[in-house]
Amino acid sequence: MRLSLQALDQYLLSLAAPQLRGIRRFLLEFWFFGVKEARCCLFAGLFFLAVFLVPRAGIAGLPRYDVLLLIALAIQVWMLWAKLETMDELRAICLFHLIGFALEVFKTSSGIKSWSYPDFAYSKVLGVPLFSGFMYAAVGSYMTQAWRLFKLRIEHHPPYWMATLCALLIYANFFTHHYIGDYRWYLAAFALGLYARSTVIFYPMEKARNMPLLLSFVLIGFFIWLAENLSTFFGIWRYPNQLGAWSVVHISKWSAWAMLVIMTFTIIVHLKHIKETVRVPE
């Protein structure tokens, strides 16, 4: 399995069809863009497949949340063993896990109750199952995989201290908006100003393509919002308005996820091997 994935990665990294033009070129690049995206979502795909397949009653007497934790740990260990992630990337992903778990503990606390995890689990800490942090780690795993397979480069990245400040303010707002008001749109305006000129360069095949970095944040946030809808539909967690009957997660959550993507991205670009591909204008 390890050799098969490594062979697949080498194949995807060496794609080239310089003779193709026009619509055939577009369709082939679009196809391989999708293939690479699916490969980048390996951790997220396997984890959410488990979310959908593990029955609510659990397996062999072990509660569902505990089964999901064991599966998430097994996937993470396997990816490290298969050299699909480096130790440096794993440390960043563990940081995403801790950041996400801290947010979950706050949001599910008795004074806030933004959402809840209704099922019993042995691995619940402060009312939050430990597997929940892996949902945030999945976003970080996707980004680290995408950086390698798409050979990403960032042009016109803002100064690191300003990007870090923006990320910290975004994270803080997830907590403070319950007490002093939601400054999400002010922070969105701040991020818009910071990243207005930023461009992500990527390689579906051998030719470089580019798109505004802000657009990538919005698109990733949208797909996380879709995954959130599926997760609440299967009862992994529930918002207060979904306790009686399931309903679509409010569209405003899309913006919250996009902001979280910006925060995740900021952590990723501080990794040593990734920082070499980021250009900050002097």
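Contact means heavy atoms within 4.5 Å.

## Basis of the model

This is a predicted model, in which local features need pLDDT of at least 70 and side-chain atom pairs count only at pLDDT 80 or more, while totals for chains, interfaces and linings use all residues. Residues are numbered from 1 along each chain as its sequence is written, and side-chain values use heavy atoms, with hydrogens and water left out.

Arg25 counts as buried at 5% relative accessibility (buried means under 20% relative accessible area, exposed over 50%, partly exposed in between, with a 1.4 Å probe and protein chains only). Leaving aside residues up to four places away in sequence, Arg25 touches Ala17, Pro18, Leu20, Met205, Glu206, Lys207 and Arg209.

## Aromatic pairs

The whole structure holds 25 aromatic pairs. Rings of Phe, Tyr and Trp (its six-membered ring) pair if their centres lie within 6.5 Å; planes under 30 degrees apart count as stacked, over 60 as edge-to-face and the rest as tilted. The rings of Phe33 and Phe150 are tilted, because their planes stand at 50 degrees, with centres 5.4 Å apart. This pair links distant parts of the chain, 117 residues apart: Phe33 is in helix α2, and Phe150 is in the loop between α6 (133-149) and β3 (153-155).

Phe33 is partly exposed, at a relative accessible area of 29%, whereas Phe150 is buried, at 3% relative accessibility. One aromatic cluster is formed by Phe43, Phe47, Phe48, Phe52, Tyr65, Tyr117, Phe131 and Phe134.

Technical notes. Helices (H or I, at least four residues) and strands (E, at least two) are DSSP runs, numbered from the N terminus.
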